[in-house]
Amino acid sequence: MSSINRDLLAPLQSATPAYFLLLIVLGAIVALGAGAWYYQVDTGIGQTNLHPPIFWGVYIASFIFWVGASHSGTFISGVLRLSKAEWRRPVTRIAELMTFISLMIATLFVFFHLGRVWRWYYLMPYPNQRELWPNFRSPLMWDAIAVFTYATASTIYLYLPLIPDFALLRERIGGWRKPLYRVLSLGWTGTQNQWQVLETALRIITPLIVMVMVSVHSIVGWDFGVSLVPAWHSTIFAPYFVVGAVHSGVGLVAIGLYVLRKIYRLERYIESEHFDKIGKLLVVTTLVLAYLYFAELLTIWYAKSPDHMWVVDALLIGPFAVPFWFMAICIYFIPLATLTNPAFRRWPLGVMLVGVFINIGMYIERVLILVPPLTYPRLPFNWGSYFPSWVEMTIIVGSLALAVLLYALAVKFVPVISIWEEKEGLVHGTRHGT
Amino acid sequence: MADTNKTKSHKWEMVIDLDRCTGCEACVVACHAENNIRISGEDEASEGRAINWIRIERYWEGEYPNVQTRFMPVLCQHCDDAPCEPVCPVYASYHTPEGLNAQVYNRCIGVRYCGNNCPYTARQFNWFDPHWDPPLEEQLNPDVTVRQNGIMEKCTFCVQRIRAGKEQAEKEGRPVRDGDIIPACVQTCPTSALVFGDRHDPESRVSQLARQDRAFHLLESQGTHPAITYLKRIA
């Protein structure tokens, strides 16, 4: 018991010089990104390399990617809590924090993308003289509502299991954080009644958040699926986006688990068994995603409808072939070649690296979903090409740095492993290796 | 009620005779002058960002040396079922009662979904604030808004001329006559390849031409019901 407290509170109680150096470096990159955004708003959205017919580029791709990354927490934590998988205990908090932070980053990209970001509030249904409403028939409104719902729900979902831990921190940690913990722990004293209320609340919100998770990336998929653009207009987009999101999200969890375990010496909690389980999950998502990809390409290729075939040809053998096949290697071949081997799955560094490849591949995949179909509109006179500008790339790197920075700060504020759930596991006596 | 019903509603449409188009691009220039379309330099044009509300698409037919150039003027098709309209989250793209597909510049926030969803790539975006080298700023049309950075724009069928024509007719206490209202491109076309008018008037030139056997719509299979009827090239 006491060793759990000691091990898991340690990251909150001290910080090394390397930690501060990391904060400074990340902060500098974030500042660069913020500067690039300021420049873009000040001079014009033309600082991107977008032009007709490619009106959406890497900002929207990044939005999809980060909403996808947010599926890490919900999927891992929600589904495992639902299925009462005991091995979830040290994983859930790490994953839920990722969800929370990725959603914040994803939302930022909506603002990076807007042509007149200073008029963003037109998207809100606020009372106004002209009695104008936003257009609820627009998939973008569905999207805004879905992401807002998901952000709210996942914040509650992150917060609820934090309450007992906040109460513990209130007792154990002094200084400027103490009053915050006092407020956040909502007067938790650990009575039988409080535990029952918490467990009921978790039982209610867990299935709900899994459903919200499925709906949110379905709706992001429908942004494209309901359009007329060749090779976007497809029924497969919603399930495909959800599975793709889980694929990259679980990969991200593998990275997070590895890094935190390494830095904070959590080997006693995050064991090779966890990487084994994550590896198995990744094999499943790889196969399902590959199946959906194959189904989509086969139907387009067999029908040979020219406006769709232009896109598929460009991907398989045309100008997008290099990123396409690189992506296929990253998200299909590498996971299948490695993670199907039981010995490999028990090698944390290996699983982490596969997670890195999956996420690089999935980012490219998001760009490839977006750009090639827009490049080949039905009137060939208007065909175009696109590669992101330095402003776009700086903003993307800056937001990645912001995500890591927020995570690094969060680690000093909440225990990365749910302390009470670890202890509960000890009581249940079913946790392996203790 | 009875009084307002007397005024017959209009349905503005255009006919483009591909047999008559020579690809001279006079319509493009006229449109620029009429509608305060920004002047894009060489750099912007090479980036694919030159804004044209009407463009002449060139297609080549046959193998060298027997190559023939085909010209096709393409502008906003003012679709009856316009794909750009439902996707706009703020109602900046909407349908007027007279069948125009209108763009409300003040309302547009630049999400650019409409641009993606237009099968004709008719929509153009202001990537930067517009700029006219002196003395070109002296020739701006006072009846047309200058569009700022970050919003969509496209052909309006010269809505300012439609409005002026209707006001003139009302002042003179008569209905709008066929030929009263002419968009800049139609006015300029030296071969009269472009014809504009009211489709609700069965005797208007545009209605007569659109009933021809040569008539077709661009990307008809998309079901957008465009207000622009093309006449097939036979020569």
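In the predicted model, B:Arg58 stands opposite B:Phe71 of strand S3 in chain B. Together S2(B) and S3(B) form a hairpin, with 6 residues between them. Within the turn, B:Gly62 has a positive phi of about 90°.

Chain B also holds an open sheet of 4 strands. The strand order is S8-S1-S10-S9, and the pairing is mixed. Strand S8(B), residues 194–198, and strand S9(B), residues 215–216, stand at the edges. Each edge strand has a single partner, so one side of each is left without a neighbour in the sheet.

Confidence scores were examined next. The model scores ipTM 0.90 and pTM 0.93. Chain B averages a pLDDT of 92, and 97% of its residues score at least 70. Residues 1–6 of chain B stay under 50. For this stretch the model has 0 contacts beyond four places in sequence. Where pLDDT is low, the predicted coordinates should not be read in detail.

Helix H10(A), residues 237–263, and helix H11(A), residues 272–303, have axes that come within 9 Å. The axes cross at roughly 155°, which makes H10(A) roughly antiparallel to H11(A). The crossing is left-handed. From H10(A), the contact residues include A:Pro239, A:Tyr240, A:Val243 and A:His247. From H11(A), they include A:His274, A:Phe275, A:Ile278 and A:Leu292. The residues of this contact divide into 15 nonpolar, 6 polar and no charged.

Helix H10(A) also meets helix H3(A), residues 58–69. Their axes come within 7 Å and cross at roughly 65°. The two helices are therefore roughly perpendicular to each other. H3(A) passes H10(A) in a right-handed crossing. In H3(A), the residues of the contact are A:Phe65, A:Val67, A:Gly68 and A:Ala69. They meet A:Gly244, A:Ala245, A:Ser248, A:Gly249 and A:Leu252 in H10(A). By class, this contact has 5 nonpolar, 4 polar and no charged residues. A:Gly244 is listed in the contact with H11(A) and in the contact with H3(A).

The remaining pair is helix H7(A), residues 163–172, and helix H8(A), residues 177–184. Their axes come within 8 Å and cross at roughly 145°. H7(A) passes H8(A) in a left-handed crossing. A:Phe166, A:Leu169 and A:Arg170 of H7(A) make the contact with A:Lys178, A:Tyr181, A:Arg182 and A:Leu184 of H8(A). By class, the contact has 4 nonpolar, no polar and 3 charged residues.

Methods: Residues are numbered from 1 along each chain as its sequence is written. Chains are lettered from A and ligands numbered from 1 in the order in which they are written. This is a predicted model: local features need pLDDT of at least 70, side-chain atom pairs count only at pLDDT 80 or more; totals for chains, interfaces and linings use all residues. Axes are lines fitted to C-alpha atoms, for helices over the stretch in contact, and angles run from 0 to 180 degrees between N-to-C directions. Angles under 35 degrees count as roughly parallel, over 145 as roughly antiparallel, 65 to 115 as roughly perpendicular and the rest as oblique. A crossing is left-handed if the near helix is turned anticlockwise from the far one by less than a right angle, and right-handed if clockwise. Two residues are in contact if their C-beta atoms, placed from the backbone, lie within 7 Å. Ala, Val, Leu, Ile, Met, Phe, Trp, Tyr, Cys and Pro count as nonpolar, Asp, Glu, Lys and Arg as charged, and the others, Gly among them, as polar. pLDDT is the predictor's confidence in each residue, from 0 to 100. Two strands pair if DSSP finds at least two bridges between them.
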